[in-house]
Amino acid sequence: MIFASDLDQTLIYSPKSFRLLPEEPMPAVTSIEIYEGREISFMADDTIERLEKIARRSFFVPVTTRTIAQYQRISLFHQKIKPTYAVVSNGGNLIINGVVDKAWQGIIDMKMNQLCLNTEDMRANLQELCHPSWAGSIRMADGLFYYCV
């Protein structure tokens, strides 16, 4: 059986996103991502234990909007749970045994060149939609899509 799961806000949380009630105690958590010397992402210890059991009994596939670099920062997937496959960059990249699948990348690049606006035109369109009152910087993710911070 395959168990595919989103990561952020499903299995992984930043300190700001625990959303605990004032009387609720902080669960036991483990840091699973460090960025620029700071612990930025955590998983509840009981979630890690459950995910380890699931990964032993089924085929665990992380599926995420995270870029390749963001996904690769998740220490848990290098140490305790080593997924064979991961779908990252909103499906634009496939990682197999820790290595980006170049064949899949080639297919995606070809489809994007055939079916999508070029990146400059897409950025211009996005800039027209993003108003400074709610939109911050516009960033490109793995050469595949833009997002607004």
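Visitor: Where is S17 found?

Guide: S17 sits in the loop between β1 and β2. Helices (H or I, at least four residues) and strands (E, at least two) are DSSP runs, numbered from the N terminus. Residues are numbered from 1 along each chain as its sequence is written. This is a predicted model, in which local features need pLDDT of at least 70, side-chain atom pairs count only at pLDDT 80 or more, and totals for chains, interfaces and linings use all residues, while side-chain values use heavy atoms, with hydrogens and water left out.

Visitor: Is S17 buried or exposed?

Guide: Buried means under 20% relative accessible area, exposed over 50%, and partly exposed in between (1.4 Å probe, protein chains only). S17 has 7% relative accessibility, so S17 counts as buried.

Visitor: With which side chain does the side chain of S17 make a polar contact?

Guide: A polar contact is a pair of N or O atoms within 3.5 Å; within protein, one must be able to donate a hydrogen and the other to accept it, and residues adjacent in sequence count only if both atoms are side-chain atoms. Here the partner is the side chain of Q9, at 3.2 Å.

Visitor: How many salt bridges does the structure hold?

Guide: A salt bridge is a side-chain nitrogen of Lys or Arg within 4 Å of a carboxyl oxygen of Asp or Glu. The structure holds four. In one of them, R66 pairs with D8, with the closest N and O atoms 2.7 Å apart. That pair links distant parts of the chain, 58 residues apart: R66 is in the loop between β4 (59–62) and α2 (68–72), and D8 is in the loop between β1 (2–5) and β2 (29–35).

Visitor: Where do D46 and R50 lie?

Guide: Both are in helix α1 (residues 45–57), four residues apart, about one turn of the helix. D46 is partly exposed at 37% relative accessibility, whereas R50 is exposed at 53%. Elsewhere, salt bridges that share partners join D8, E33, R66 and R73 into one network.

Visitor: What volume does the largest pocket have?

Guide: On a 1 Å grid over the protein atoms alone, a pocket is an open set of points where a 1.4 Å probe fits, with protein on both sides within 12 Å along at least five of seven lines; lining residues have an atom within 4 Å of a point. Grid points are joined across faces, edges and corners, and a volume is the space filled by probe spheres set on the points. The largest pocket comes to about 480 Å³.

Visitor: Which residues lie nearest the centre of the largest pocket?

Guide: They are D8, I40, R66, Q70 and R73, out of 21 lining residues. β3 gives the largest share of the lining, three residues.

Visitor: Which residues lie nearest the centre of the second largest pocket?

Guide: They are M112, C116, L117, T119 and L144, in a lining of 14 residues. This pocket holds about 240 Å³ of space.
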